[in-house]
Amino acid sequence: MRQHRRTLRLLGSLLLVAMAASVTGAAPAPAASPTPLDRVIPAPASVDPGGSPYRITRGTHIRVDGSRETRGVGEYLAKILRPSTGYRLPVTAQGAGGIRLRLAEGPFGAEGYRLDSGRGGVTITAAKAAGLFHGVQTLRQLLPAAVEKDSVQPGPWLVAGGTIKDTPRYGWRGAMLDVSRHFFTVEQVKRYIDQLALYKINKLHLHLSDDQGWRIAIDSWPRLATYGGSTEVGGGPGGFYTKADYREIVRYASSRHLEVVPEIDMPGHTNAALASYADLNCDGVAPPLYTGTEVGFSSLCAGKDITYDFVDDVIRELAALTPGRYLHIGGDEAHSTSHEDYVKFMDRVQPIVAKYGKTVVGWHQLTGATPAKGALAQYWGLDGTSAEEKARVVKAAQNGTGLILSPADRVYLDMKYTKDTPLGLSWAGYVEVKRSYDWDPGAYLPGVPGGAVRGVEAPMWSETLENSEHIEYMAFPRLPGVAELGWSSAASHDWERYKGRLAAQAERWNALGIEWYRSPQVPWGAGGR
């Protein structure tokens, strides 16, 4: 009899739901399903789906061990989840269940992690805080895109059941931002850092000097910033970072587990410095400030001792501000410097970098001189770059120089997508999303030893870019693909599968307020509106 009554009540409830639907014209909402574990970018090393999902609720805690590093990652996660869920999500070292972040020995390396999800909770395990942080980025992508919004959303907040084990292919997964052609404020740089972190980028290369502007305060040469930084492309007001500003960028990047790599481009691309101090010119005459976009016309005077005093002071002060291992000395497009002077200059400058405890990074033209032991060369050539130039880079790699791959016709994010793109340049051709993604860094330069490729980097030059919206439009949707090239195994590389995962990111970008390009190569679906 009781079973009969329960059946009648159930049928009555279903009838009421059906009647309500007929009155309102709406069908009952389908049950929510979690994002599959293999839908994230970059693609994880291994995915083993199965079991019940975990649901974040009002009672969820974020549980951490006693370390400061783990608590920092936990607080970061809580700040992302609290606005959209409306939950307290206390970060605590007590109790069990919920979302757990733990440091433990294991096959994780410096940046790998393991994510286990089931009905009882989600656990992210790593050997280092960077691994926990990267695991949190995966967790973000497993949650509905609305989790990124800054107001309370309805949920539900489900995480699919199963296990992800993940480690990166390369240790260098970089993005460069040119703050010299156009100046970007500390807050604009921070916004880009947050976007890079979502895709496990771990290097922020800041191009701090060029013909159009010098962007970092140097106490021993103050006019570099106050005068050399007073303009930009098109004649705008320019700007520069005080030392406190730069420290804040470094601190913020570090909190997102990105290492800042500062660049002072030399001996070319130096008009802002030459205009600031006449003695740096061979003829002792300072040129006017420059606001155009031509390249290759400027050069420090390689034959003057004051040039190396200048370089020593700049590197000393910049190295003291930069806790990271690397300092980029440029070296590209030095067309106004003779080969003999270029070699002389690099032979004197590279030891200065080492003197102040940093490792040299230079654009691949550095291989035309003698790269210092341990130096990295950043290759920015094209598929069609001359065999002679490529051979020089390959030989340097065979002799121990590490390579960062940034082929301009693949991953220069300032290249136009098509001829109709309103921003960007096209000297390296048009770079649509598929072209940017569809290549293998490990096989790009034949003859390069596998261990010589340290990773990839996506440069963003700013001749035509003036604000965050411009940066984002050129970065998205290409940046996630470059991040995947740096993180995921070559075996996982497949455009047809990738473009579906990329399309699923659109809703998240919308939730984050990111401006992005709706490439016709990607099946965006509803998220592309």
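**Cis prolines, a disulfide and helix contacts**

Pro267 lies in the loop between strand E14 (259-263) and H7. Helices (H or I, at least four residues) and strands (E, at least two) are DSSP runs, numbered from the N terminus. The model is predicted: local features need pLDDT of at least 70, side-chain atom pairs count only at pLDDT 80 or more, and totals for chains, interfaces and linings use all residues. Residues are numbered from 1 along each chain as its sequence is written, and side-chain values use heavy atoms, with hydrogens and water left out.

A cis peptide bond also runs from Ile41 to Pro42, with omega near 0°. Pro42 sits in the loop between helix H1 (2-24) and strand E1 (46-49).

Positive phi angles occur at two residues described here. Leu89 is not a glycine, yet its phi is positive, at about 50°. Its loop runs between helix H2 (68-85) and strand E4 (91-92). Leu89 has 0% relative accessibility and counts as buried. Buried means under 20% relative accessible area, exposed over 50%, and partly exposed in between (1.4 Å probe, protein chains only). Lys200, also not a glycine, has a positive phi of about 65°. This lysine is placed in the loop between helix H4 (186-197) and strand E11 (203-207). Lys200 is buried too, with 0% relative accessibility.

The model holds one disulfide, a disulfide being a pair of cysteine sulfur atoms within 2.5 Å. Cys282 and Cys301 form the bond, with an S to S distance of 2.1 Å. Both cysteines lie in the loop between helix H7 (271-276) and helix H8 (305-321), so the pair ties together parts that are 19 residues apart in sequence. The torsion about the S-S bond is about 100°, so the disulfide is right-handed. Cys282 is exposed, with a relative accessible area of 57%. Cys301 is buried, at 6% relative accessibility.

H8 also takes part in a helix pair. It packs against helix H6 (residues 243-255) at an angle of about 45°, and the axes are 10 Å apart. Axes are lines fitted to C-alpha atoms, for helices over the stretch in contact, and angles run from 0 to 180 degrees between N-to-C directions. The two helices are therefore oblique to each other. Angles under 35 degrees count as roughly parallel, over 145 as roughly antiparallel, 65 to 115 as roughly perpendicular and the rest as oblique. H6 contributes Lys243, Tyr246, Arg247 and Val250 to the contact, and H8 contributes Glu317, Leu318 and Leu321. Contact means heavy atoms within 4.5 Å. By class, the contact has four nonpolar, no polar and three charged residues. Ala, Val, Leu, Ile, Met, Phe, Trp, Tyr, Cys and Pro count as nonpolar, Asp, Glu, Lys and Arg as charged, and the others, Gly among them, as polar.

Arg410 belongs to helix H11 (residues 408-411). This arginine is buried, with a relative accessible area of 13%. A polar atom of the Arg410 side chain lies 3.4 Å from the backbone oxygen of Asp438. A polar contact is a pair of N or O atoms within 3.5 Å; within protein, one must be able to donate a hydrogen and the other to accept it, and residues adjacent in sequence count only if both atoms are side-chain atoms. Leaving aside residues up to four places away in sequence, Arg410 touches Asp383, Val431, Arg435, Ser436, Asp438 and Trp439.

Helix H15 (residues 495-503) has several buried positions. These are Trp495, Tyr498, Lys499, Arg501, Leu502 and Ala503. Their cover includes helix H12 (433-437), helix H14 (478-487) and helix H16 (506-512). At the start of H15, a side-chain oxygen of Asp494 comes within 3.2 Å of the backbone nitrogen of Glu496.

Two exposed loop residues complete the account. Ala491 is in the loop between H14 and H15. Its relative accessible area is 73% and it is exposed. Ala491 and Gly330 are separated by 161 residues in sequence and by 33 Å in space, C-alpha to C-alpha. Pro154 occupies the loop between helix H3 (129-142) and strand E8 (157-159). Pro154 is likewise exposed, with a relative accessible area of 78%.
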